[in-house]
Amino acid sequence: MKKILALLLVLAMVLSLVACGGNTTTETGAPAATSGETAGATAGAGGVVDPYVDLDYEAQSEAIYDLVLGDFETIYEEAKAEVVDMDKRYVDMAIAEAKLLESGTFLPLTANGGNYGISRLAPYTASSVLWGSDSDRYHNVLVTTEPITTADRDTLKAMWAELRGTGTWEDECAKWLTENGYTLKDTYTMGYASDPQTWDILGTSRAADGEALVNTYDSLVEYDSENVMQPALAESWEESEDGLTYTFHLRQGVKWVDSQGRELAEVTADDFVAGMQHMMDAMAGLEYLVQGVIVNASEYISGDITDFTQVGVKAWCSPLLTS
């Protein structure tokens, strides 16, 4: 973590050292080289002296990190080690936070209670339904080349509330953005807190995995930007009169494809049965969603039943439909 952060800061640190022009002090207490004192450092393009250029990668990383965040880390580690005087621990934590903010090494990406406050993503063009992972799907979002102002975001939110349920929100939002000086683009770049640890969407319940992987597959149904459930891989479905059985009819001709868009096989109802069994076998934290809901799911998960054919997930085929 130190190395990554240090590399991100190296340009900023070199520029700040040149701009300061005064003496600084290293962790050892020895004066650091000024713009006129190279101390064995090598001058780069334009005569700018880089005091780290002659150091190896490990030394550069440590030196830059200690210069920028050394005070923060020292106080923070002392605060964590304090287990007797909790008042002192809280004070030291506050001082450490102040040192981190003082270093100016990061830009807050979120505001307003965790929502993205600075964004090119039009509000409510991804689903805001909190159940499932549809809120993390970005195939239908509207993205602009310019950050959307707070006032314009408020206007769009009011429009969404008015148009919700009409099926016209996305078109009207795109029209409004274009008419008000925004340029729409077809790519969206976002940051993740951490990389996925697996590409098996049925074998994980980690948010960091799901946020990325949900954009690599379709579900049977999906909530749209107006929070209305729409067909996805299922073109239609029925509920039995007693409310205990749901039958999904799959869209025909849907293919499994790889990351290069090459077709591998046709999507079938059996794939969903196999996927359900894999999810229960993986025991990665998703199985609780179907416990007590699907016939014999709880018994299969607990091991009381070992034959998955006894679980209430079935595939059947007709000449016209696969469900």
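**Y124.** I started with Y124, which is partly exposed at a relative accessible area of 30%; buried would be under 20%, exposed over 50%, and partly exposed is in between (1.4 Å probe, protein chains only). This is a predicted model, where local features need pLDDT of at least 70, side-chain atom pairs count only at pLDDT 80 or more, and totals for chains, interfaces and linings use all residues. Residues are numbered from 1 along each chain as its sequence is written, and side-chain values use heavy atoms, with hydrogens and water left out.

I looked up Y124 for its backbone: phi is near 60°, positive although the residue is not glycine. Most residues other than glycine have a negative phi. Y124 sits in the loop between strand 4 (115-116) and strand 5 (143-144). Strands here are DSSP runs of E, at least two residues, and helices are runs of H or I, at least four, numbered from the N terminus.

**N227.** Next I checked N227, another non-glycine residue with a positive phi, near 65°. Its loop runs between strand 7 (221-223) and strand 8 (229-231). N227 counts as buried, because its relative accessibility is 15%.

**Helix 3.** Then I checked the length of helix 3 (residues 86-103): 18 residues at 1.5 Å each should span 26 Å, and the end C-alpha atoms are 26 Å apart, so the two agree. The expected span is 1.5 Å times one less than the number of residues. At the N-terminal end, D85 caps the helix, with a side-chain oxygen 3.2 Å from the backbone nitrogen of D87. Just after helix 3, G104 has a positive phi of about 60°.

**Cores.** I went on to the largest nonpolar core, which has 13 residues. Such a core is a set of buried Ala, Val, Leu, Ile, Met, Phe, Trp, Tyr and Cys residues joined through side-chain atoms within 4.5 Å. L156, W169, C173 and L177 have the most contacts inside this core. Helix 4 (150-163) and helix 5 (169-179) each supply at least two of its residues, and helix 5 gives the most, with five.

Which residues is L156 in contact with, leaving aside neighbours within four places in sequence? I found P123, I148, W169, C173, W176 and L177, where contact means heavy atoms within 4.5 Å. A second, separate core has 11 residues, including V273, V290, A297 and I301.

**Whole protein.** Last, I noted the totals: eight helices and 12 strands, with buried residues making up 27% of the 323 residues.

Definitions and conventions. A polar contact is a pair of N or O atoms within 3.5 Å; within protein, one must be able to donate a hydrogen and the other to accept it, and residues adjacent in sequence count only if both atoms are side-chain atoms.
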